[in-house]
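Subject: Structure handover

Hello,

Here is the structure for you to look at. My notes on what was found follow below it.

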Amino acid sequence: MSHAATFEAPFALGMMNLHQAPELHAAEQLADWIEARLDQGLTWFDHADIYGDRAGERLFGDALRARPGLTRQVRVVTKTDIVTPERDGSTFAVKHYDSSPAYVTRAIDASLERLGVERLDHFLLHRPDPLMDAEATGRALDDAIAAGKIGAAGVSNFLPEAWRRLQAGMHGRLSAHQLQLSLDHSAPLFNGLYDAVIGDGQAPMAWSPLGGGRALDGPAAALLRSQAEAHGVSPAGLALAWLRALPGRPLPVIGSLKPERIETLYRDASLELSRPTWFALLEAARGHEVA
């Protein structure tokens, strides 16, 4: 097995809320915002075709078209295969997954078009599809890599059996894996999932790295606050540093678009925690000591 790949960045900027941020909807404003992030050294932007029903990718692409010089500097992750009820053309209007080669290939082309980039650095299947034909889907992903449309394929929210089935149908490596992971959701560290991700050489990305705020106001809140104060960082930054301490250094995907918040997290996320501090936070979050 190959060594775990890692992202050399403190976090990625998640674009799931972009469509709800009217102050960034003008292309020039968003271009300014992107440029400021790049100047900070933050180059990874995380998208999915369902964010804002395609609006997130489209707004981002409009900003890049307004300032083409940024296009080669941004690193883009995007995802597909979730079909929302509104997008289901059948009489059922049912939310479902579609990992069929035709759907995946169309989704890659459509994301490239909306984002206005020459290639998607990482393209992930958003959710495991029970109906996936692993060989056919694997071939479609390999073809997209060979055509230079995507830098690498990956998965999100898959269990080992599902991604290994897909990997077996591919020549290229599944090289990134986005999973739910935080101080508030540490189960993957104890059920074998996280070990499988890094054991198979996938670069881990952590979605909801603050547990949607629960990591900050849940059972570990008091300890997070006191330790943040002791280390001269923000509680949120400390929670990210807790994640980044793991082998494979998972890339948290943060949802905030506020420059001052991003600045704070950038400053704090690289804090190195002692082992007892790390376990004390884990214990506080879980409500019990380790076995």
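Ala221 counts as buried because its relative accessibility is 8%, where buried means under 20% relative accessible area, exposed over 50% and partly exposed in between (1.4 Å probe, protein chains only). Please note that this is a predicted model, in which local features need pLDDT of at least 70 and side-chain atom pairs count only at pLDDT 80 or more, while totals for chains, interfaces and linings use all residues. Residues are numbered from 1 along each chain as its sequence is written, and side-chain values use heavy atoms, with hydrogens and water left out.

Ala221 lies in helix α8.

Helix α8 covers residues 221-231, and Ala221, Leu224 and Ala228 are buried in it. Seen down the helix axis, the buried residues of α8 fall within an arc of 60°, so they line one face of the helix; the arc is that of the directions from the helix axis to the C-beta atoms. They pack against α7 (214-217), α9 (235-244) and α11 (275-286), with contact meaning heavy atoms within 4.5 Å. On the face turned away from the buried side, α8 carries the exposed residues Ala222, Glu229 and Ala230. Gly232 follows α8 and has a positive phi, near 70°.

**Two loop residues**

Positive phi also turns up in residues other than glycine. Ala93 has a phi near 45° and sits in the loop between β4 (82-83) and β5 (96-97). Ala93 counts as partly exposed because its relative accessibility is 40%. For Ser208, phi is near 50°; this residue is in the loop between β9 (203-207) and α7.

**The chain as a whole**

The protein chain has 11 helices and 10 strands, which are DSSP runs numbered from the N terminus (helices H or I, at least four residues; strands E, at least two). Its radius of gyration is 19 Å, which agrees with the value near 19 Å for a compact globule of 291 residues; the radius is taken over C-alpha atoms, and the globule rule is 2.2 Å times the number of residues to the power 0.38. The C-alpha trace spans about 50 × 45 × 40 Å along its principal axes. Of the 291 residues, 52% are buried. Among contacts between residues at least 6 apart in sequence, 75% join residues at least 24 apart.

Regards
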